[in-house]
Each structure stands twice: as structure tokens, then as C-alpha cells.
Amino acid sequence: MIQFINMLLIGIGAGSIYALMAIAMVLVWRSTRVINFAQAGMALLSTYIGFELVQKTGNFWIALPLAMILGALFSALVEILLIRTLIKHSTSGPVAGIVPIIATLGLLGVIRATIGFIWGNQDIQIQPPLSKVGFKVGEETIALSPMNLLVLLTVVGMVIILGFIFQKTNLGLSLRASAYSPEIAQLAGIRVGAIRTIGWAIAGAAGAAAGLLQTVNGTGAISPDSLEFSLLLTFGFIAAVIGGLESLPGAVLGAVVLGLVLAVVQIYISGTLVFIVAFALLLLVLLVRPQGFIGSKAGRRA
Amino acid sequence: MLKKHPLFTFIIFGVILFLLSNRVDELRVFQGATVAIYVIAIASIILLTGYSGQVSLGHGALLAIGGYAAALSRNEWGAPVWLTFCIAVLAAALGGYLLGLAAARLSGPYLAGTTLALAIGLPSIANQFTILGGEQGLLFDIGTPPSFLGEEFTQYKWFFWIASLAALIAIYWLRNVMNSRYGRSWKAVRGNDVAAELAGINVGRNKVLAFTVSAGLAGLAGALLAMTISTVSPGAFPLALSFSLATGAVLSGVTTLGGVMIGAVTLVAIPEIVDTVVHRFESSESVANNLPGLLVSTLLILTVLFVPNGPVEQMRARHEKRAKR
């Protein structure tokens, strides 16, 4: 029983961080039809900046929002400098489909090398702001520490704020309209270019939060070649795709499902199998229900 | 010359390589072998991306299948060297066929992300089964060079010969496939899959076939890579390898095989150049660690921005334009 509860807690905890990453990928996909393979690199950069801010201010809860704002600014800058040029240059032809993929891959390399120049290639440690020892229920220690709980609450808070922005504000309406049909949105007087940049900026903030929270929730160590961040990218992508790649609730749902499935595998079968199970889950969803859990049939697999 | 007598050109090229291998030092010979392996691996991505419009960020996983298949067949059954390479090709092609069945139904970023997940997922299987040797991996020893080549003949030169010969044969064969019925079908599918289908080409089957052939080549490259480092382990096929190969393919130009050397040489040359520069100016360790990555990535971004079809195709297009005037 206790094992089952722990599995649920681990699954939801991991899933909540994948959800932030998945949200970032979905926002970028919706605004520019690009899968940002540099998302992990941008999150890593924000995490390093977060590390500096923790050193300077000594308080994680000041550093987190600041790192998110800087992450958002950087992401907006990437959209303006790289993605716009790319869309302007991009020709129709055999390579048109792969150009954005390769460009974001190149960006990932540039970011990693730059981080290596500035901070060196060794691991650096971020101290978790809260205890990572699990709560006690009776005699048993469960897999939920104050740190886990705060990560969970932060993520839920962010998802609620994002949901509010998207459903209740004018900005959210513009974001949704631009994603649905850029031409019609433009005719209706929405400045699609600016809205795209804002989409990227929100994605940058979500990615920054995912990176920082994942780091303090995990080992606390980061390095430019961090495997953890490659996994964050891959799991975020998988969560986004099985959720439908168009819908924010879908991304959250996909992330929680992925987190739970991986927790089941990790606890009941073997920890080394999680990667291949994640891959199998992705393939299964793509083959059986390519539009994802939430999503309409049309316009998929673009 | 190349157009009229391709086989002759390839033989001449091989002879030049053979003569060169006797003139340069060990390090260069080893780098030459690496270039040859990259040529095969990059050609397999070009085939997939340029000729069938699919992109794979997970070719490292297919290389790993080839490497492990070669090592297993050598260690478990004592297969002769040439046979281990054939087994590597077949095993990777089978893996590619299965992946291709799924891939044919996906496109663009979906396929890229799926192959990325595979590249991250597959190496962890090695830790699951004891026969694959876990983190340490397996030994893959092709033995010393045959004695009739003389006492002077070094192990690296032997690697270089095998790798170069394999690369020459692979590229020559691929070139012929490209000019065959299959190659034309792939080009048609790439250009416009609806039109291709109307012309009677089975788009799905052609995509799977392209994926299978590409994976077979990748398997050969993986076995050769395992040969040069004498082991196969999960660490030998990291995500960085998959990214490097995709990078090499883009630098070479994904629409023609003609530039395949460019990417392969760049991937080997950049770390070497940086090393020289760092020694000359006695720069710090962090420069030596990060400059190659920065250069390659910057080059990659510039390439997709300004010559998305690759340098060779760009030159050809310019040439044609001038000829028309």
C-alpha cells in the first residue's frame, strides 16, 4: 500500500515538472510551428542564471521569478533574432521541414558551449531551499518531502495562472487566435508577430521554472552537458505529443500520465527501463491516436 | 570524369587514399578512418533526409545496434570479421525497418522527436541484459593485420584500410541506388508525395525502404566505429554522436551525396584545428573544451540560414543560373 502511494507521489511529482516543459513546447509549437529542441538548453541557461541569483540574493524564492523573467526575455530574443530570420529565409522545398529542427539544434549547441565558457564544464551545486526528507505518516516515510510539496504547489499555481491568462484575458484570446489561424487573426487586427514573441517568452519562463525546479528537486547538480536536461527535453516532448501538442490541458494531462507510467516502471519493474518505456509509450500513442489525448483529427502530423 | 566513369574514379580515389596512408603519421591515419566512418553515417542520414524528406536525430541508436550486433557475433560465435560487418548491417536494417514502419506515418518534428527519444532510450537496454555487458560494454577485437602486409603495418592503418574500403563501396553502391528506380521514387516522394502517389508510387513502402537502407548503412558505420575503439558500450553512442551526425549531414547538404566529405571532414577537423590554436596561444582549458562545440553549432545555424540545401547544391544552382544567361 505504502509502495503504491509512493508510486503515485513520485509519478505526479515528476509529471508536474514535465508538464512545465511540455507547456513550453506546446506554446512554441502553437505560435511558430517549431519544435524547439533548444528548449532544454534555454532552461539550462536560466537554471545557471538562477544559480547566480541564489548566490547573490541568498533566497531561492526571489531567484526563481527573476530567473523566469530573464528566461522569458532570452526566449523572446531568440524568437526575434533567429526564428524570424529563419521564417523569412525558409524556402519551400525538401529541406523546409527540417530547417527549424536543425536551427534549434544548433542553438542548443551554442548555448551549451557558452555556458561552458562562462561557468566551466564541472558540475555546480544548487542547494535545495527546503528539506528533502520525506514526511512521516505513522512509522513510514513517504516519498513526499517539503521540497516536493512546494514544487508541486508552484507548478499547480503556474498552470492556474497560465490557464487564467489563456481563458480570461485579451492577451490569451490573441494567443489562441494566432495559433488557430494566423491570417484570420491578422485580419482581425491582432499583431501576430508580437503575439508570437509573447508566446515564446511565456515558453521561456515555463522552461526556466522547469529547469530550476527539476534541479533542486533532483540532485541539485548542473553541468553544460547535463543528461538530466536532455531527459527533461525528451520527456517534455513526449508529454506534449501524447497530450496532443496543441492543447495546454493536454500537455499537463500527458505529463502526469507519463510521470505515472514511468513511476510504475521504476518501482515495480526496473529503473533502467524507463527510457525505453517512454519511447514505447510515445510510439504507441502516435500510432494509435496520433492526435494525442486531447486534440482534433485535422492538422496533425504537420 | 565522375559522371562518365564513376567506378574508375572511385578506384583512383581509393589508390590515392592507399598511397596517402603510407605517407602520414599514425594520428592522421586514425583520423582518416574516423572520416571514412562519418562519411558512411552521414550518407545514411542524407539518404533519409534528402532523398525521402525524413529527419532522424537518433542515428546514434542505429549505429549502436550495428556495433553491438558485430561485437556479439564476434564474441559469441567467433564469426569472421567480414561476416560481423554483414551481420551489423542486417541487424541495423531490421531495426530501421521496424522504426520505419512507425516513421512512415509520422513526419517532420514528430519523427525528429521520436528518433531523439530512441537515441536516449536504446543505450539503457545495454544495462538491462547481461549479455550486452552493461556500462562497460563488450570487447570487439578484429585481430591484428594479416602478416603478409609486413611487420611495419600498424593496427590503425589496418582500421583505415577497412573503413575506407567500406566507405568507398558504400558510397559507390548508394550512388547507383540513387540513379535506379528506387532512387527516383524517393526523389519523387520527397518532391511531392501526393503527385508521387498519383504516379503510382507506393509512398509508405518507399519511406520504409529508405529508412531500412539508411539504417543498414548506419549499422555498418556503427560496426566500424566499434572496430576503431575496440569496444562497444552505451557511452560510445551518446546523444552527442547523433547530433554530430545530423550536423554533419546538414553541413554536407542534405539534398545531394556530392558533399558528403565536407561534413565528415569538418567534424574531424574542427576539434583538431581548435587544439592547434589552443596550443599556439596557450589558452585555458575551458576554451579547448567549448570552442569546438561553439564553432560547429554556429556553422550549423549559418548553414541553415544561408545555404539550407548545402554548399554543393548551392554552387550547382549558381552555376546553372549563370549557364542560362
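## How to read the values

Because the model is predicted, local features need pLDDT of at least 70 and side-chain atom pairs count only at pLDDT 80 or more, whereas totals for chains, interfaces and linings use all residues. Residues are numbered from 1 along each chain as its sequence is written, chains are lettered from A and ligands numbered from 1 in the order in which they are written, and side-chain values use heavy atoms, with hydrogens and water left out.

## Chain A as a whole

Chain A has eleven helices and four strands, where helices (H or I, at least four residues) and strands (E, at least two) are DSSP runs numbered from the N terminus. Along the principal axes, the C-alpha atoms of chain A fill a box of roughly 65 × 45 × 40 Å. The radius of gyration of chain A is 19 Å, which agrees with the value near 19 Å that a compact globule of 302 residues would have; this radius is taken over C-alpha atoms, and the globule rule is 2.2 Å times the number of residues to the power 0.38.

Of the 302 residues of chain A, 55% count as buried, a word that means under 20% relative accessible area, while exposed means over 50% and partly exposed lies in between (1.4 Å probe, protein chains only). Contact means heavy atoms within 4.5 Å, and among contacts in chain A between residues at least 6 apart in sequence, 73% join residues at least 24 apart.

## The interface of chain A and chain B

In the interface, 47 residues of chain A are in contact with 47 residues of chain B. The two chains bury about 4100 Å² between them, and 78% of this area is on carbon and sulfur atoms; buried area is the accessible area (1.4 Å probe) that two parts lose on being put together, summed over both. On the side of chain A that touches chain B, the elements that give two or more residues are α3 (60-89), α4 (99-119), α9 and α11 (274-288) of chain A. The largest share of that side, 15 residues, comes from α4(A).

The residues of this side of chain A divide into 33 nonpolar, eleven polar and three charged, where Ala, Val, Leu, Ile, Met, Phe, Trp, Tyr, Cys and Pro count as nonpolar, Asp, Glu, Lys and Arg as charged, and the others, Gly among them, as polar. Between chain A and chain B the count of salt bridges is zero, a salt bridge being a side-chain nitrogen of Lys or Arg within 4 Å of a carboxyl oxygen of Asp or Glu. From the side of chain B, T114(B) in helix α5 (residues 108-121) is buried, with a relative accessible area of 2%. Not counting residues up to four places away in sequence, T114(B) touches F237(A), F279(A), L282(A), L283(A), L286(A) and L106(B).

## Salt bridges within the chains

A search of the whole structure finds five salt bridges over all chains. In one of them, the side chains of E246(A) and R33(A) meet at 3.0 Å, N to O. This pair links distant parts of the chain, 213 residues apart, with E246(A) in the loop between α9 and α10 (248-269) and R33(A) in the loop between α1 (2-32) and α2 (39-57) of chain A.

K56(A) forms a salt bridge with E52(A), the closest N and O atoms being 3.8 Å apart, and these residues are separated by about one helical turn because they are four residues apart in helix α2 of chain A. K56(A) is exposed at 67% relative accessible area, whereas E52(A) is partly exposed at 27%. In chain B, the side chains of E272(B) and R28(B) meet in a salt bridge of 3.4 Å, N to O. E272(B) lies in helix α12 (residues 260-281) and R28(B) in helix α2 (residues 26-52) of chain B, so the pair ties together parts that are 244 residues apart in sequence.

## Residues in loops

S226(A) is in the loop between β4 (221-222) and α9 (227-243) of chain A and counts as buried at 6% relative accessibility. Not counting residues up to four places away in sequence, S226(A) touches L44(A) and R112(A).
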